[in-house]
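Colleague: I would like to learn how to read helix packing and a chain contact. Could you take me through an example?

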Amino acid sequence: MPSDLSSLVHWILFLPLGAAVLSALFLRRAGGLAAWLSTGTAFVIAGLSLLLLGKGVDVSWHVELAKFGDVSLGFGYLIDANARLMLFVVSFVAAWIHLFSVGYMKEDSARGRFFAGLSIFMFSILGIVVADNLLMTFIYWELVGFSSYMLIAHYFDKDYAAAASKKAFIVNRVGDLGFILGIAMCLSLYGTLDFVALKDHAAAAKTIPVAVGALLMCGFLGKSAQFPLHVWLTDAMAGPTPVSALIHAATMVAAGVYFMARVSFLLAPDVLNLIAISGAGMAALAGLCALAQTDIKKSLAYSTLAHLGIMGCAIGLGHPELALMHMAMHAFFKATLFLGAGSVIHGCHHEQDMLKMGGLLKKMPLTAATFIAATLSNCAVPFLAGWYSKDAIIEAAYHGHHFVIFAFLSLAALATCLYSGRMIRLVFLGEANSEEASHAHESPWTMTLPLVVLGLVYSVAGGFLASTLMPAGSLQPIKPALDAIVFHLTAPSTIVGLFSLVVGFFGALKFYGTVRGADALQVVSPRTYHLLEHRWMDGLYRWYVDAVQRRLAEFVAFLDLLIINGVAVRWIGGGVPAVLGYLTGRSFHRGQTRAYALWIVVGTLFLAWFLIAR
Amino acid sequence: MDTFPATLLALAITAPILVGLILLAGRDLPRSFASGFAFGGFAIPAVLGPWLLILWSNPSTAPQQFQSEGFWGFGFALNGLSAPLLAMTSLVGLAAGIKALTQEVEGRNTYLGLILFMLGGTLGVFGTNHLVGVYFFHEFALIPTFILTLFWGGEGRRPAAMQMAIYLTAGAMVSLAGILIAIYASGVDYGAATFESVAHGLQNAKSIPAATGALVLFGLGTLASLFPFHSWAAPGYTAAPTPVSMLHAGALKKFGLYGIILLGLSSLDITGGSLGTWFLWFAVANVVLVGLICLAQRDLKQLLSWSSVAHMGPIFLGIWVCGASGKADGLDAAAFLMVAHGLSCAALFLLANAVRARAGTYRLDELGGLATRTPILAALFIAATMASIGLPGFGNFWGEVGIFLALRDQSLWLQALVASTVVISAVYALRAVASTFFGPASEALEKRFASAPFGDLGWAERFAACILLGASLTIGFVPSLITKSVNPVAAGITTFSQHNAKAPVQAAPAQPAKR
Amino acid sequence: MENTSLAHHLLLAGLLFVLGLTGVLIRRNLLVVYMCLELMLAAATLALVAFSRFNRTMDGAVLVFFVITVAAAEVAVGLALIVALFRKRGTVQSDALTTLRD
């Protein structure tokens, strides 16, 4: 019954909002309670999403909030197969991240605020998944930006967190600027913002204007951190590690991919090509940049950028289903990686520099095992989760005869294996390189349980689960692509993948073992390393802000002061009486009562003449 | 006809004025008595205003509701546009009143009395149906504004108050000329000159003096800080005492827009011809140039003052697009933003003053790291900031987005120019938040805290801020509260202006903007 | 009475008014200026009475009563002001009273 299911969606959407409001208003000082409230809610939502996934029924429900002129501001749900899958992935990963946070944030004094932030984030991201029109999507889109701002600014007394949160919000808003223009254009062209109606219009129209897709894509560029708006993502690591896992792995960045898949019918071929090329290029670039980061979280952030590039590329190639599948797989293993990194950081007493770690395999066996499993999935080892989706995308590029893209993606695959090997080598193998690392300890169960669940179960067996256990509907469109890979081990993608794995992963393990306490690449080729550190893009933006934007602002402010306030107003205010005073031989303003009286008379006579003469 | 709501309306307007009179007369009234009394004067409208908005019934049959005799012949009544504005004013008034009650000033009773006058006058502006009555109430509220700024203002109050007085009086004079010519041209008897009757008369008039539209637009535009007549606003709000900034920037300033909509847009074709082109470019300059000026500010209160000017830009554009291309949604959204901006802007002024009370300065480079000491203040300030830059959930979002959507048929780069406010406002607002509250505590602040420890936001101010933000959230979640009364007004005006309008103005060639 | 018209009355009122105005403009002693002002007021009152008489309504005449009443009050205040001014400044010459300039 549809009404039952829409009430189910009500619960999924509004439970986290309620939890957030409750925590923010009443549980500010009762951090423990807030933590469990938020976590409990997250698990309930995960259960409800699973229920929805199991039912496999589409839901659509709509109510009008208000009208502006002819424009209806509607609120509603549109749950299709993609949405069910996304709901499940998001809520499931998020639930475990919540549980992890309970342990990770135990000593934090502002837990109430943190968990309220997580819950409001959940609300917004689930909203994007269920929204049935562009305007509602935009609303949740903005809310996601806001909640990530609050979460990144969790350690607000640190300058870097303050700067990173600001940057994330503003860069996202740049994307949203294009997004809102795209929405306006849709409304202008089709007269509706409703996804279903838009799809009908798009199907009826012969061609879709390039601008629509290009503008809507801007939102995707910002939220999913695609080139050139990717700069916020690496800085966003300033937030607590579970936030990094939630935002950068599972949900926020995935929102852009999901949205592009949802409006794929509005994307003109030119737009798709653009997304594909820039996605593939970014995948390769970000993968290589991950090699030159010493901060474990930053390295993972670049890895995320690379995977987002791959997803973007899949959308551009016309396979949004593959992108979603990769998004789901990536969510599982990247969440594991981030949580594993969190566990490592926690164990090493908040040391984040990989060069100062080492030999953690023995000290933190559970963490190490899950981390390595997730890494292998990240490297697309055959039959692990990442392999299915990533190879399918590379295969799609090859079959579509997009050889440039294929080349870039292959490079990305190689880079992935390289940085994965480097990470394992530096963090877990060898010997401890610092005091902190030698005293590392395994984390409590609230942190390791999510790791085990997410890491072992899903990143290893995820693909198998996905292809067999999930209801047929949700994966139907990509079934052929999956089969193609599974049963054709000689496919080009498989060859590329295996080659990268052997050369890249094991090469990196060996290469980074040669130097201790420093980065081998930096020792061998400092210039390459410096190039890959990827400072130039930030430099470019900083130049823009400092040299262009600020100067322009000050210039305009100066002009306003000079011309409008100074010349125009002062001149009219002071000049006119001065001229008149010169003409009459005396100043107006001399305190002479009689002169004032005279002017009153003159004015009255003038008015009288004016009225009579007309 | 039910006279009960009409009585409520009359009571809402007269109560603050009467209490103000008593306080002005009784300068020596004991403190506690005066406080209680003044609070009553602020609270009565705040209860009645929202109540009246809820009582507002389906107005398609009656453009005016809750009519009563009023005084001096200016009958009281609400129309679809003024009902939400009156409710907003009453809430801003309560918040401003609470703020004023917590302040320690010389001549407290007079101070409170004058603020009550301001509130009563502003309520009268929106609660009167007589055109000259509206104007009268505006002046009635404006005079206390000058006096309050001159005697109780902050740094630089003398030149600021003078500048404000000259600008606003000049603007009011110009608009009075426009109003009188409009009444004359409409052929309506002076005593019966309401917005509706004059608009109706003008729509049927054979000829309207050519300059009338310009007089109304630029006269009232000055009152609402339309570029380039905005120079009074930033120094004025910066120097004025906080409750005055709240009331003026939040509520009284909206009179200019209110008049432009109900008189100019409805019947004087201010969006057509070369006047319309100028209007468009001035409004765009309000968004872009004033937005850039905001980026250059180094002082929290100046930043807020400038941003309140910048936020008028989208409202003007909503009005413009309604007239120029017959989009009722532009006007709906503009009206929505008028209400929402009043709430968020008043909240920001209130909280910025609380920052100053603690840190002793408004200078952004001397502030920093306040959030560790005052988490509640920080949370409320961030909420108010987010409201003002149009975060969904707060009312401002509907207004801004509605206006962007209403501009959908204009040329893309005009839309982009206007929508750039999304980014510009985020940049300056977040910079203000970050340099006030985030980061390590500044040295100046630490020293000050060591010498005179300060606490978090007091209960009274918390309450005041929560009223404003709560109201903004309420209309954000239930936008129909506003649109149910505004929709018919917008539809009516649009029908006329469409009937009158030429083809939609396709953005003129690379004209001004940079000047 | 029969051979006087409205014009005659108005002419007289106008003359009185101009006389008063000239005085206001050229005399320096505030006391005299004040008397001239009263003259102007009286001229206006005369015009009112004349209109009342020739329009055969009582409106003007009634208004005149009010004007006289108010004028009486005004004289009291005005004279008091001039006296106060003299006590403070020692002069009632308008040329010497230019404090408004600043």
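Modeller: We will go through a pair of helices, then a single helix, then the contact of two chains. Keep in mind that this is a predicted model.

Colleague: How is the packing of two helices described?

Modeller: Packed helices are described by the angle between their axes and by the distance between those axes. Here, helix 11 (residues 252-262) and helix 14 (residues 320-347) of chain A pack at about 160 degrees, and their axes are 9 Å apart. An angle over 145 degrees counts as roughly antiparallel, so helix 11 and helix 14 of chain A are roughly antiparallel to each other. Their crossing is left-handed.

Colleague: Which residues of helix 11 and helix 14 of chain A make the contact?

Modeller: Helix 11 of chain A contributes A:Ala254, A:Val257, A:Tyr258, A:Met260 and A:Ala261, while helix 14 of chain A contributes A:Pro320, A:Ala323, A:Leu324, A:Met327 and A:Ala331. By kind, that is 10 nonpolar residues, no polar and no charged.

Colleague: What span does helix 6 of chain B reach, and what is expected?

Modeller: From first C-alpha to last, this helix of 30 residues (157-186) reaches 41 Å, close to the 44 Å expected at 1.5 Å a residue. After helix 6 of chain B comes B:Gly187, with a positive phi near 75 degrees.

Colleague: How many residues does each chain give to the contact of chain A with chain B?

Modeller: Chain A gives 41 residues and chain B gives 46. On the chain A side, the elements that give two or more residues include strand 1 (59-68), strand 2 (71-79) and helix 26 (536-584). Helix 6 of chain A supplies the largest share, 16 residues. The chain A side divides into 27 nonpolar, four polar and 10 charged residues.

Key:
Residues are numbered from 1 along each chain as its sequence is written. Chains are lettered from A and ligands numbered from 1 in the order in which they are written. This is a predicted model: local features need pLDDT of at least 70, side-chain atom pairs count only at pLDDT 80 or more; totals for chains, interfaces and linings use all residues. Two residues are in contact if their C-beta atoms, placed from the backbone, lie within 7 Å. Helices (H or I, at least four residues) and strands (E, at least two) are DSSP runs, numbered from the N terminus. Ala, Val, Leu, Ile, Met, Phe, Trp, Tyr, Cys and Pro count as nonpolar, Asp, Glu, Lys and Arg as charged, and the others, Gly among them, as polar. The expected span of a helix is 1.5 Å times one less than its number of residues. Axes are lines fitted to C-alpha atoms, for helices over the stretch in contact, and angles run from 0 to 180 degrees between N-to-C directions. Angles under 35 degrees count as roughly parallel, over 145 as roughly antiparallel, 65 to 115 as roughly perpendicular and the rest as oblique. A crossing is left-handed if the near helix is turned anticlockwise from the far one by less than a right angle, and right-handed if clockwise.
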